[in-house]
Amino acid sequence: MGNALRFLYGKCCKPATSEDSDSRGPPYTSTASAVSALAHDLFNFEITSLVPEGLSEHVVSSRKAQAKWYGKLLQAWRESKTPPKTPEEVARLVVQTLSRHQKADVEGLLDFYGFPHPSILVEISTGVPTRLPEGVEFEMHTLPVDGNMVPDGDGINVFVSTADPRESSSVPRDVLVAAVRRSKARAKKNYARADELHQKIIESGYQVINLQNEEILARKYRIRLRGIDAPENSMPYGKEAKQELIKLVHGKRLRVLVYGEDRYGRCVADVYCNGIFVQEVMLKKGLAWHYAAYDQRIELATWEKEARAKRIGLWASSNPEKPWEWRKDRRQGR
């Protein structure tokens, strides 16, 4: 068995029992445990040749047929150059490996683990640019993003370390002084004074971030994803858009290419996460519109068109309301 499969098995969360949940629902409730659960079941199949209990409630074929699937999946997982780590990657492996089997069985297997269906999987084509595109004013690399700092489906609040060369020369003196005094106050266990100083730092647009037991003085930036407009939180698919963006960036360091600033003081930027272009994902999953009034890139229009054709996300509705028109109506009191 491959090391990747052993690792995931070791990380595996136990599936819910019939006492804990509806036996007909997916037995794995988080995306991380779903991936680990399949690894666990493949590990168990290699040893016992048994498929999971309860799978037959989700598929139409016999347990003998199910055993053949797990044999194929085990071999495919072993042979994959890069073992799948996310639900989307695992779903693709399942779909590709079992492409000649009944659709009801494949979708039932995906449902059993809570993996996305083929209809909502998207192929990501855009990598990180090797040189700065025309129009970029500056580039920044963030500290790991806190999902709580994502306000909606097209905005992210990020922090950049002041040790960054671009930042180090522009930190206000009063912020540096407050940071030093805060450290001294904490050393003396004067936490009330330390908190008071930290509040002053925050009011200046900075914050002290604790990262792996190291305190880092960082500058806060508000980012507006360039070229897309996601539904507002209170609109249909607004919450889904926000959750997808959180899933993409939470805990990740981002590469941010800034093209300018909008009237709200946000950096209008292209954002890359682990080599993935964030705007591409949001458009292909039908969780944002191409904001053609401000961005004429052909690829963004193409990605929106693809999602429309598949009726993915907000395009499941025949006539979804445009977020810019929704905002205009609210401003005019309609």
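The following exercises, with worked solutions, concern the predicted model shown above.

Residues are numbered from 1 along each chain as its sequence is written. Because the model is predicted, local features need pLDDT of at least 70 and side-chain atom pairs count only at pLDDT 80 or more, while totals for chains, interfaces and linings use all residues; side-chain values use heavy atoms, with hydrogens and water left out.

**Exercise 1.** State how many helices and strands the chain has, and what share of its residues is buried.

*Solution.* Step 1: the chain has 12 helices and 9 strands, which are DSSP runs (helices H or I, at least four residues; strands E, at least two) numbered from the N terminus. Step 2: 45% of the 334 residues count as buried, that is, under 20% relative accessible area, with exposed over 50% and partly exposed in between (1.4 Å probe, protein chains only).

**Exercise 2.** Locate Lys 189 and Asn 213, and give the phi and the accessibility of each.

*Solution.* Step 1: most residues other than glycine have a negative phi. Step 2: Lys 189 has a positive phi of about 60 degrees; this residue is in the loop between helix H7 (173-187) and helix H8 (191-203), and its relative accessibility of 63% makes it exposed. Step 3: for Asn 213, phi is positive and near 65 degrees. Asn 213 belongs to the loop between strand S3 (206-211) and strand S4 (214-225) and is exposed, at 77% relative accessible area.

**Exercise 3.** Describe the largest nonpolar core and the contacts of Met 282.

*Solution.* Step 1: a nonpolar core is a set of buried Ala, Val, Leu, Ile, Met, Phe, Trp, Tyr and Cys residues joined through side-chain atoms within 4.5 Å. Step 2: the largest one holds 37 residues, and Met 282 is among those that touch the most other members. Step 3: beyond its neighbours within four places in sequence, Met 282 is in contact (heavy atoms within 4.5 Å) with residues including Gly 153, Ile 228, Leu 245 and Leu 287. Step 4: another core, of 27 residues, lies apart from it and includes Leu 55 and Ala 91.

**Exercise 4.** Characterise the packing of helix H4 (residues 87-97) against helix H5 (residues 103-113).

*Solution.* Step 1: the axes of H4 and H5 come within 10 Å and cross at roughly 155 degrees; axes are lines fitted to C-alpha atoms over the stretch in contact, with angles from 0 to 180 degrees between N-to-C directions. Step 2: H4 and H5 are therefore roughly antiparallel, a term for angles over 145 degrees. Step 3: Ala 91, Val 94 and Val 95 in H4 meet Val 106, Leu 109 and Leu 110 in H5.

Note on methods:
Parallel < 35°, antiparallel > 145°, perpendicular 65-115°, else oblique.
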